[in-house]
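Good morning, and thank you for coming.

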Amino acid sequence: MAFDHYVAICKPLHYLVIMRPWVCVVLLVVSWTGGFVHSAFQIGTIYGLPFCGPNVIDQFTCDMYPLLQLVCGDTYVTGLLVIANGGLMCVIMFLLLLMSYAVIILSLKNLSQEGRRKALSTCGSHITVVVLFFVSSIFIYARPAKTFPIDKSLSVFYMVITSMLNPFIYTLRNSEMTNAMKKLWKISHIRSNSKCLHKSIKKLGNPSEGALSQHRGNCSVPQQ
């Protein structure tokens, strides 16, 4: 997504030439392959470790550091491998993303004010999600193999909350979806007012025009 935003903002006239379908497929395959190799390496580091005692961890998922607490042996080397594989990867990817957005921000001086506004609107939401995800991930994995009570909250944050933010943000940025939500709100607003006015007429029996106008005004605000 960072590369896509970079091409769209810095090289808009060459976007269709650079972001061809095969380029998107390559980027997707590379990201999937990197995730698979990363997970396979983590599994390989703990596969031969001796486990003993209760098979219960104080975590919502079977994460590496809580799992290492169950090992009946020295986990110093394994902890360093986890830091190198998880924490270092998070730091490098985070820095690369920040560098890409730094290049984008520096290129905004060549755009008009309207172009800058659109570019910042496009990148702002993604930068926010990136910072929230990687800061919490770096705190979890770029440290010695220890667990803290806050780890469970952070794991839910970077695995669930940040994953929900992207579709939510891009849904709100879609003009068709925004217009549909506005129409739905207007329809529900009209129905709520109609029900309120109908109840007022039924309660008053045969109200005068002044009383009807007063109750119509009272029903102009949606009922909570």
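How much space lies in the largest pocket? In this predicted model, the answer is about 1,500 Å³. The pocket is lined by 38 residues, and those closest to its centre are S31, M93, L97, F133 and F134. Helix 1, helix 3, helix 5, helix 6 and helix 7 each give two or more residues to the lining. Helix 3, which spans 21–46, provides the largest share, nine residues.

I turn now to the nonpolar cores. The largest has twelve residues, including A2, C90, L97, V130 and F134. At least two residues of this core come from each of helix 1 (2–10), helix 5 (76–107) and helix 6 (113–141). Helix 5 gives the most, with five residues. Within this set, L97 touches A2, V130 and F134, leaving aside residues up to four places away in sequence. Apart from this core lies another, of nine residues, among them I46, L68, L70 and V82.

Finally, the annotation. An unreviewed UniProt entry records "transmembrane region" for residues 21–41, 76–108, 120–142 and 154–172. In the model, residues 21–41 are 100% helix, and their end C-alpha atoms are 30 Å apart. Residues 76–108 are 97% helix with 0% strand, and the end C-alpha atoms of that span lie 47 Å apart.

How values were computed: Residues numbered from 1 in each chain as written. Predicted model: local features only at pLDDT ≥ 70, side-chain atom pairs only at ≥ 80, totals over all residues. Heavy atoms only, no water. UniProt positions renumbered as here; feature names shortened; annotations may be inferred. Helix = DSSP H or I, 4+ residues; strand = E, 2+ residues; numbered from the N terminus. Core = buried A, V, L, I, M, F, W, Y, C linked by side-chain atoms within 4.5 Å. Buried < 20%, exposed > 50% of the residue type's maximum accessible area, 1.4 Å probe, protein only. Contact = heavy atoms within 4.5 Å. 1 Å grid on protein atoms, 1.4 Å probe; cavity = no way out; pocket = protein on both sides within 12 Å on 5 of 7 lines; lining within 4 Å. Points joined across faces, edges and corners; volume = space filled by probe spheres on them.
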